[in-house]
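Hi,

Here is the structure I promised to send over.

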Amino acid sequence: MVFTTAVGPARQVVVEAWAYIREWAKKNHRAYKIDFELYDERCIDPEYSQVDIYVSI
């Protein structure tokens, strides 16, 4: 499953997204096998970034 963060400071939006994922996982199946964050061209400016977070389900 892919979660896409809001746009903003990377250090902030990633933490917020993981908080959302933890809440989401309380009601949905998550495999807890391999998770990763994709930092691509949308993260060139660390103050104006968007990150994709992949979690195993």
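Let me start with a question: is arginine 30 buried or exposed? Arginine 30 is buried, because its relative accessible area is 11% (buried means under 20%, exposed over 50%, partly exposed in between, with a 1.4 Å probe and protein chains only).

Before the rest, some housekeeping. This is a predicted model, so to speak of local features we need pLDDT of at least 70, while side-chain atom pairs count only at pLDDT 80 or more, and totals for chains, interfaces and linings use all residues. Numbering runs from 1 along each chain as its sequence is written, and side-chain values use heavy atoms, with hydrogens and water left out.

Now the overall layout. The protein chain has one helix and three strands, in the order β-α-β-β along the sequence (DSSP runs numbered from the N terminus: H or I of at least four residues for helices, E of at least two for strands). Its C-alpha atoms fill a box of roughly 35 × 15 × 10 Å along the principal axes. Of the 57 residues, 35% are buried.

Back to arginine 30, which sits in the loop between α1 and β2 (36-38). Its side chain makes a polar contact with the side chain of aspartate 35 at 2.4 Å (a pair of N or O atoms within 3.5 Å; within protein, one must be able to donate a hydrogen and the other to accept it, and residues adjacent in sequence count only if both atoms are side-chain atoms). Leaving out residues up to four places away in sequence, arginine 30 touches Trp18, Ile21, Trp24, Ala25, Asp35, Val55, Ser56 and Ile57 (contact means heavy atoms within 4.5 Å).

On to the inside. The largest nonpolar core has 12 residues, among them Phe3, Trp18, Ile21, Trp24, Ile53 and Val55 (a set of buried Ala, Val, Leu, Ile, Met, Phe, Trp, Tyr and Cys residues joined through side-chain atoms within 4.5 Å). Helix α1 (residues 10-27) gives the largest share of this core, seven residues. Isoleucine 21 is in contact with Phe3, Arg30, Ile53 and Val55, neighbours within four places in sequence aside.

Cheers
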